[in-house]
Amino acid sequence: MTQYVGNLLICLGLSAAFSVRAQSVQNVRANFDGERVQITYDLNAVDPGGKFKVALYSSHDNYAYPLTLLTGDVGDEVAPGRDRKVLWFAKNVLPADFDQEITFKIRVT
């Protein structure tokens, strides 16, 4: 998925790490409102009562570190379900003149 909104070009990639508790991430979407990126996804699991660790990475630092300044369905203890939402306060992390393409990866364990 690629969207150009404002000065930030968003390309959304998906990577999911799988553990013994089978889970999958689907229907990943991203929107940028000029301040933050909203990423939505469906987290499917065989055990609907399971909890998972969800981390987001981006290409702006070559996926070196998990993104910070996140709120929503991210971190430890994320329950499976549809329309999980994460907000990344990108304008607080990226340089003011940033206008490059960014690809995101979601890792679930």
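Let's start at one residue, Asp42, which sits in strand β4, residues 37-45. Strands here are DSSP runs of E with at least two residues, numbered from the N terminus. This is a predicted model, in which local features need pLDDT of at least 70 and side-chain atom pairs count only at pLDDT 80 or more, while totals for chains, interfaces and linings use all residues. Residues are numbered from 1 along each chain as its sequence is written, and side-chain values use heavy atoms, leaving out hydrogens and water.

What surrounds Asp42? Apart from neighbours within four places in sequence, Asp42 is in contact with Ser24, Val25, Gln26, Asn27, Gly81, Arg82 and Asp83; contact means heavy atoms within 4.5 Å. Asp42 is buried but has no salt bridge, and the nearest side chain of opposite charge, Arg82, is 4.3 Å away. Buried means under 20% relative accessible area, with exposed over 50% and partly exposed in between, using a 1.4 Å probe and protein chains only. A salt bridge would need a side-chain nitrogen of Lys or Arg within 4 Å of a carboxyl oxygen of Asp or Glu. For charge, Lys and Arg count as positive and Asp and Glu as negative, while His and the chain ends are not counted.

Asp42 does have polar partners. Its side chain makes a polar contact of 2.5 Å with the side chain of Asn27, and the side chain of Asp42 also reaches the backbone nitrogen of Asp83 at 2.8 Å. A polar contact is a pair of N or O atoms within 3.5 Å; within protein, one must be able to donate a hydrogen and the other to accept it, and residues adjacent in sequence count only if both atoms are side-chain atoms.

Now move to strand β3, residues 23-32, where you will find Gln23. Gln23 is buried, with a relative accessible area of 4%. A polar atom of its side chain lies 3.1 Å from the backbone oxygen of Val108.

Two strands pair if DSSP finds at least two bridges between them; β6 and β8 (residues 81-88) pair in the antiparallel sense over 3 bridges. Thr71 stands opposite Leu87 in β8.

Stepping back, the protein has 0 helices and 9 strands. Of its 109 residues, 38% count as buried.

Definitions and conventions. Helices (H or I, at least four residues) and strands (E, at least two) are DSSP runs, numbered from the N terminus.
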